[in-house]
Structures are given as C-alpha cells and as structure tokens.
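The tour moves from stop to stop, with something to select at each.

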Amino acid sequence: MGTLKNKVVYKLGAVFMAALFMFTAMFQTVGFTKASAFVSSDYNDEYGDFLNTLGESESGNEYSALSYDGQFLGRWQIGILGLQEVGFVDSSKNWTSLAASFGITSKETFLASESGQDYAVLAYHKKILRYAENMGITSYINTNVNGVLMTFAGMIAAAHAVGVGGLQSIIKNGTTGDSGNDAVGLRYMKMCGGYNIEDTIRNHSLSTGTTPTTTTTTSMTTITTTTTETITTTTAVSTTTTSTTAAETTTSTTVTTTVTPPDKTTTFTTTVSSDISQSTELKPPSYIIVTPSEMIATVGDWIQINLESDNAIEYYILITSQSGATSDYKITGSSISLRLQEEGIYTINVTAYNKAGESYADPVYVAANKKIAVSEEKIGDANNDGKVDMTDSTLILAYYANKLVDLQFDTNETFIKKYADVNNDGLIDISDSTFIIKYYSMNTAGVKVKWEDILAS
C-alpha cells in the first residue's frame with residue numbers, strides 16, 4: 001500500500017513539474033518577443049540592447065507592468081517624479097499635452113503605450129546625464145565604485161535604479177544609507193556597464209507622438225472693462241519635498257502679481273483652442289538668476305534662495321551637502337527658504353521649466369559654519385569695547401533700521417554681529433536692543449544679573 005502511494009505521488013509530481021516547465025517556457029517566449037520589439041538597430045549604438053537588459057530586470061520587459069504599490073509604471077518602472085522630469089506629468093500630477101500626443105491621459109493609457117514609454121525612458125536617461133554632469137558624477141566614469149568599475153552605461157543604469165542623488169551617495173559615501181538600495185545600484189552598474197550607449201543618450205533626438213489632431217473647438221470671449229483700479233492677486237505656493245536629508249525643509253513662498261487694466265473702456269477678444277496636439281517644441285527659459293550666488297551661513301539658520309527667469313513656471317532644486325546627502329524640491333514660486341543642518345559646503349543646482357522646456361543655472365555654493373559660542377562677557381558688547389551699554393543698543397537699532405530698507409550699514413565703530421545677536425536667534429533686531437537696555441539698566445541700578453536671567457525673562 002505504501003509503495004503504491006509513493007508511485008502515485010511520484011507520478012503526480014512528475015506531471016506537475018512538466019506543467020511548470022511548459023508554463024515557464026511559454027512566458028519566456030512572450031518576454032523574448034516583447035524585448036525583441038526594441039533592438040539596437042533602432043540606434044547608432046547598443047542602446048536597444050541596454051534597454052532590453054534594463055527592462056528584463058525592471059519588469060520582465062512588460063510594458064503593462066505596474067509595481068505593487070502602483071507608483072512605478074511600465075517596462076522600465078518609471079515613477080511619478082521621472083514622468084514629471086520628462087514632461088509627461090505636470091507639478092499638479094496631471095498628464096500633459098506632450099503625453100497626450102502619445103495618446104496618454106492616464107496610468108492605464110501609459111501602460112498601453114509602447115511608443116510613449118520608449119520616448120519617456122530615453123528622455124529620462126538624457127535627464128539623468130544632465131544631472132550627473134551638473135553634480136560632477138561623470139568625472140568618476142572608469143573608476144572603481146565599491147568594487148565595481150563604473151562606465152557611462154553603468155552610471156545611467158545605477159541612477160535609473162537608485163536616483164542620481166543615490167548614485168552620488170554611493171560614490172562619495174559608499175552608501176545611500178540603505179544596504180538594499182546600495183546592492184541594487186551596484187548590481188545595475190555591473191549588469192549594464194558593458195553597453196556602448198553614450199552617442200544615443202547625448203545626441204539622439206526626441207520626437208513627440210503622432211496621435212491624430214482632435215477636432216479643434218474655438219470659442220470667442222469678449223470682455224469689456226471700464227475700471228482703472230489696480231488689481232493685486234496673491235497666490236500662496238506650496239513646495240513639494242521628495243527628500244530632506246541635506247536641508248531640513250522649505251517654507252511656502254508667495255508670488256504677487258499686479259495687473260493694471262487700461263484707463264479707458266477696452267474690448268478685447270481671446271481665442272481658446274482645445275487642440276491637444278499643439279506644438280511641444282522646447283523653448284527653455286532664456287536666463288535664470290539665483291541669488292545670492294555665494295553665501296556664508298550658520299548651521300541651523302534659515303537661508304533664502306531667490307529665483308528669477310523670464311518665462312519659467314516652476315523650478316526643480318537639488319541640494320547636495322559636503323557629505324553627499326541630498327534634498328530635492330519642486331517649487332512654483334520665486335524663492336525657497338532652507339535650514340542647513342550640516343557644516344560644510346552645499347551645492348545648489350537649479351533647473352527651471354517653462355511649459356515644454358528646461359534650462360539650467362550655474363550651481364550656487366553655500367558655506368555653512370557651526371555657531372560660535374559667545375562668552376558671557378561678550379554677549380551684547382556689539383562694539384567690542386569691553387562693556388555693555390546704550391551705545392551697543394543704539395548700534396543694533398541703526399543696523400536693524402538699515403536692514404529694513406536694504407541699505408548697507410556703514411559705521412565708524414566696530415560692530416560684531418555675533419555679539420549683537422543677544423538671544424542667539426540668527427537675527428539682529430529690536431529684541432536684541434531691548435535685552436541690552438534691560439541688562440544695562442538693572443546692572444546700573446545695582447542689581448547684578450546674568451544674561452541667562454535676562455533672556456529667561
């Protein structure tokens with residue numbers, strides 16, 4: 001009885017293994033067929049083979065693949081930030097006219113669009129190269145990174161897997177802070193490192209989709225105005241933070257636009273078109289100014305980066321600390337406030353976007369130094385004359401008044417800011433002057449007090 005049972009079990013096991021083999025072979029054939037649809041003959045180099053290898057690891061080369069959490073899409077598992085980088089999704093996470101030119105208006109249509117994904121992955125790799133060059137990562141090509149030789153193709157693959165900031169952390173610090181990410185980045189670097197793909201990523205042009213033009217609907221709107229009132233609209237702009245390791249956070253910024261209507265009755269006509277296949281030719285902002293271009297700050301203090309461009313609608317900011325920690329932000333305002341958490345030199349790279357293009361500013365370098373402890377006898381002694389009195393209070397008020405109207409504080413007396421910042425809040429203002437008056441008055445009246453008592457009150 002036992003022998004018969006064993007034979008039955010053995011036969012059932014053999015049938016199961018045979019079925020499993022056939023099932024696996026069937027899916028391998030499907031995967032091979034899909035991968036073969038995108039080959040190196042499409043390019044001047046081996047980029048097609050590179051994509052096959054990358055796609056096999058990302059999704060089994062399935063265009064319809066969706067990550068378990070729904071955040072990464074398609075054959076190359078591009079996330080929402082990647083889709084924003086290539087212009088398929090705007091800052092409000094809406095699909096753009098560029099995506100619509102491929103027939104893409106949703107996750108489902110993106111997963112169904114092979115041509116859209118083919119465009120997106122090359123556009124994304126071009127963007128990776130731009131960031132890598134901006135951050136100095138390309139200087140490490142053909143060097144050993146954690147035991148792996150990093151080639152151009154290995155750099156693109158590793159950054160595709162763990163992000164450009166993650167790759168920079170592996171290079172400079174030896175880790176992203178996550179051993180799993182480190183292993184993935186190095187595996188992709190090694191797996192894809194042998195392909196010749198630089199010509200395609202640098203020089204291959206991108207063309208938009210060929211979705212037929214939809215019926216164009218035009219409406220005419222006539223507006224008559226007789227007012228001479230100045231209208232001021234203020235829009236509070238929120239910032240989106242994707243990582244906050246180099247700098248603590250951003251503050252919301254406010255953009256104020258003033259519109260002055262004509263001082264006489266005017267009739268004008270606007271034309272609104274629903275043609276979704278409008279031109280997506282790149283027209284980058286003609287200039288970007290980031291101020292201040294050089295700055296020395298104190299660790300823990302807030303700094304503000306002001307941005308100017310003639311036609312940018314949003315900015316992408318990548319901040320790298322001296323240790324290699326990165327933070328990145330998208331903002332649609334004109335400035336960003338940051339609190340620097342580490343000592344050392346910070347590199348701030350800016351990308352500005354218009355509706356269909358991009359441009360880069362030169363990096364901004366900010367030096368963050370640790371706060372210097374001020375001894376008890378020096379607190380409040382703004383002019384460094386060895387005593388704290390009304391002269392110090394007056395100097396602080398004069399400094400503050402000039403600061404309010406953006407004038408240079410010019411005095412014949414010594415003025416030491418770290419002594420003038422009595423309450424050590426990073427600001428020199430009326431409160432510091434007030435503390436000095438209280439300290440001086442009490443000590444003059446014979447009441448011996450310490451600064452900790454004054455500040456505590």
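In which loop does Thr332 lie? Select Thr332: this residue is in the loop between β14 (326-331) and β15 (335-339). The model is predicted, so read every value here as computed from predicted coordinates. Thr332 is partly exposed, because its relative accessible area of 35% falls between the 20% and 50% cut-offs. Tyr315 and Thr332 are 17 residues apart in sequence, and their C-alpha atoms are 6.3 Å apart in space.

**Zoom out: the whole chain**

Show the cartoon. The chain has 13 helices and 18 strands. Colour by burial next: of the 457 residues, 41% count as buried.

**Helix pair one: α2 and α7**

Two packed helices are described by the angle between their axes and the distance between the axes. Select residues 47-59 for helix α2 and residues 152-173 for helix α7. Their axes come within 12 Å and cross at roughly 30°. That angle is under 35 degrees, so α2 counts as roughly parallel to α7. The crossing of α2 past α7 is right-handed.

Which residues make this contact? On α2, pick Phe50, Leu54 and Glu58. On α7, pick Ala153, Ile156, Ala157 and His160. By class, the contact of α2 with α7 has five nonpolar residues, one polar and one charged.

**Helix pair two: α6 and α7**

Show the side chains on both helices. From α6, select Val121, Tyr124, His125, Ile128, Leu129, Tyr131 and Ala132. They meet Phe152, Met155, Ile156, Ala159, His160 and Val164 in α7. This contact of α6 with α7 divides into 11 nonpolar residues, two polar and no charged ones. Ile156 and His160 of α7 belong to the contact with α6 and also to the contact with α2.

**Aromatic rings**

A pair of aromatic rings is described by the distance of the centres and the angle of the planes. With ring centres within 6.5 Å as the rule, the count comes to 12 aromatic pairs.

Go to Tyr399 and Phe415. The two rings form a stacked pair, 5.2 Å centre to centre, with 25° between the planes. Tyr399 lies in helix α10 (residues 390-404), while Phe415 lies in the loop between α10 and α11 (417-420), so the pair ties together parts that are 16 residues apart in sequence. Are these residues buried or exposed? Both Tyr399 and Phe415 are buried.

Next, select Tyr439 and Trp451. This aromatic pair is stacked as well, at 4.1 Å centre to centre and 5° between the planes. Tyr439 is in helix α12 (residues 430-444) and Trp451 in helix α13 (residues 451-456), so this pair links parts 12 residues apart in sequence. Tyr439 is buried, and Trp451 is buried too.

Then pick Phe88, Trp95, Phe102, Phe110 and Tyr119. They form one aromatic cluster.

**Loop stops**

Which loop holds Asn383? Asn383 lies between β18 (364-369) and α10. Its relative accessibility is 9%, so Asn383 counts as buried. Select its partners beyond four places in sequence: Asn383 is in contact with Thr391, Asp392, Leu395, Glu413 and Thr414.

Check backbone angles at Gln77. Phi of Gln77 is near 50°, a positive value in a residue other than glycine. Gln77 sits in the loop between β1 (72-73) and β2 (78-79). With a relative accessible area of 15%, Gln77 is buried.

End at Asn146. Its phi is positive, about 50°, although Asn146 is not a glycine. Asn146 is in the loop between β3 (143-145) and β4 (148-150). Is Asn146 buried or partly exposed? At a relative accessible area of 41%, Asn146 is partly exposed.

Notes
Residues are numbered from 1 along each chain as its sequence is written. This is a predicted model: local features need pLDDT of at least 70, side-chain atom pairs count only at pLDDT 80 or more; totals for chains, interfaces and linings use all residues. Side-chain values use heavy atoms; hydrogens and water are left out. Axes are lines fitted to C-alpha atoms, for helices over the stretch in contact, and angles run from 0 to 180 degrees between N-to-C directions. Helices (H or I, at least four residues) and strands (E, at least two) are DSSP runs, numbered from the N terminus. Angles under 35 degrees count as roughly parallel, over 145 as roughly antiparallel, 65 to 115 as roughly perpendicular and the rest as oblique. A crossing is left-handed if the near helix is turned anticlockwise from the far one by less than a right angle, and right-handed if clockwise. Contact means heavy atoms within 4.5 Å. Ala, Val, Leu, Ile, Met, Phe, Trp, Tyr, Cys and Pro count as nonpolar, Asp, Glu, Lys and Arg as charged, and the others, Gly among them, as polar. Rings of Phe, Tyr and Trp (its six-membered ring) pair if their centres lie within 6.5 Å; planes under 30 degrees apart count as stacked, over 60 as edge-to-face and the rest as tilted. Buried means under 20% relative accessible area, exposed over 50%, partly exposed in between (1.4 Å probe, protein chains only).
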